[in-house]
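Please open the model in a viewer and keep the selection panel at hand.

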Amino acid sequence: MSSAFSRLFLLAASVTPALGFCGAHTHLDRREGEEVPISTFGYTGTVGPVLWTQLDPAANGLCSTGTTQSPINMVEGQFQLIPASDVELTIPDVESAVFENLGSTVEVAMEGAGGKFVLEGKTFELQQFHFHHPSEHVDNGVSLPMEMHMVFTSEAEEIAVIGVYVDLVDSPTVLQLHILPRRAPSTLLETIFSSIGEIASPGTKTTTKPLVMSELVTLLKAGSFQRYTGSLTTPPCSEGVAWSVATEKLLLSKATYQAVRDVVGFNSRYPQNRLGEGNLLTIASSEKAAPSVEAPTNSTTVARRWFRT
């Protein structure tokens with residue numbers, strides 16, 4: 001690990017724990033028996049990420065000034081790679097769970113289900129997991145169709161989030177299942193989203209069928225986690241969040257993806273600046289001229305240059 005990156009981790013460790021979480025105004029914010037809350041922020045127009053600070057300047061200031069904001073482009077130098085087999089992650093199977101539409105995302109409530117994630121000797125308990133379309137983190141410059149965020153909290157109200165990319169796959173035939181069993185859609189995701197039509201409107205909820213969480217744990221532990229300290233990806237954008245982005249991906253059938261897309265819509269915050277560097281909104285509003293950056297040479301830029309000659 002570079003010395004600069006090491007200093008960044010030490011700095012992040014001293015940050016006051018985040019008191020909200022990605023998908024804020026969700027399951028943990030309401031009292032027992034309260035209806036499903038509908039988020040007051042969004043992803044387009046005047047409630048979108050560029051104006052999150054203006055929605056509540058006192059609470060959301062870090063959205064436009066924070067320097068360790070999430071999501072980010074997951075490239076070398078921005079994370080520490082940890083074998084998932086070295087991390088303690090346990091999530092029991094559940095008979096059912098509440099599945100709800102918050103307007104900003106769809107979420108499965110898991111508080112009290114017994115899910116645990118241990119990081120550096122500290123135990124975090126699974127509270128919920130929700131979904132973003134498309135992925136919020138960018139995998140070395142590549143955006144994936146979806147991303148699942150598993151939100152854990154410690155007794156001290158610190159936050160740890162496991163991010164899992166979701167890619168698409170055609171529904172396999174019986175023969176293909178025997179030949180390429182790992183290319184089949186995730187049973188867990190297909191089970192959850194089989195009831196997506198029941199929560200098509202914000203503020204609605206339903207109950208899932210039994211969820212085999214062990215499938216997810218087995219998948220994640222076969223790969224690694226890209227660890228870094230960042231922020232919530234929703235207001236108030238609090239920093240000090242322990243992120244672990246999985247290298248293993250969940251798969252979803254194209255038909256199910258289309259059904260989820262039609263309910264969730266677009267709900268991803270744009271990629272933030274490199275960790276420790278200026279907030280993009282602060283840079284954009286600065287009177288100083290932005291540094292010149294050489295455009296990447298790719299098929300698009302090459303084609304444009306050709307047409308100009």
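**Aromatic pairs**

The structure holds 9 aromatic pairs, where rings of Phe, Tyr and Trp (its six-membered ring) pair if their centres lie within 6.5 Å, with planes under 30 degrees apart classed as stacked, over 60 as edge-to-face and the rest as tilted. Select Phe41 and Trp52, an edge-to-face pair with 5.6 Å from centre to centre and 80 degrees between the planes. Phe41 lies in the loop between helix H1 (3-13) and helix H2 (52-55) and Trp52 lies in helix H2, so this pair ties together parts that are 11 residues apart in sequence. Helices (H or I, at least four residues) and strands (E, at least two) are DSSP runs, numbered from the N terminus.

Phe41 and Trp52 are both buried, as are Tyr43 and Trp52; buried means under 20% relative accessible area, exposed over 50%, and partly exposed in between (1.4 Å probe, protein chains only). Next, select Phe99, Phe129, Phe131 and Phe193, which form one aromatic cluster.

**Basis of the model**

This is a predicted model, in which local features need pLDDT of at least 70 and side-chain atom pairs count only at pLDDT 80 or more, while totals for chains, interfaces and linings use all residues. Residues are numbered from 1 along each chain as its sequence is written, and side-chain values use heavy atoms, with hydrogens and water left out.

Now display the whole protein as a cartoon: its secondary structure comes to 9 helices and 14 strands. Buried residues make up 48% of the 309 residues.

**The disulfide**

Which residue does a disulfide join to Cys63? Select Cys237: the S to S distance between the two is 2.0 Å, and a disulfide is here a pair of cysteine sulfur atoms within 2.5 Å. The pair links distant parts of the chain, 174 residues apart, with Cys63 in helix H3 (residues 62-65) and Cys237 in the loop between strand E12 (224-231) and strand E13 (239-246). The link is right-handed, with 90 degrees about the S-S bond. Cys63 counts as buried at 1% relative accessibility, and Cys237 is buried with a relative accessible area of 0%.

**Gln69**

From Cys237, move to Gln69, whose side chain reaches the backbone oxygen of Cys237 at 3.0 Å. Gln69 is found in the loop between H3 and strand E1 (73-74) and counts as buried at 2% relative accessibility. A polar contact of 3.0 Å also joins the side chains of Gln69 and Glu239. Such a contact is a pair of N or O atoms within 3.5 Å; within protein, one must be able to donate a hydrogen and the other to accept it, and residues adjacent in sequence count only if both atoms are side-chain atoms. Leaving aside neighbours within four places in sequence, Gln69 is in contact (heavy atoms within 4.5 Å) with residues including Cys63, Ser231, Arg269 and Asn279.

**The nonpolar cores**

Finally, select Phe117, Met150 and Phe193, which touch the most other members of the largest nonpolar core, a set of 45 residues. A nonpolar core is a set of buried Ala, Val, Leu, Ile, Met, Phe, Trp, Tyr and Cys residues joined through side-chain atoms within 4.5 Å. Helix H6 (residues 213-221) supplies the largest share of this core, 5 residues. A second, separate core has 14 residues, among them Phe79, Leu144, Tyr228 and Leu275.
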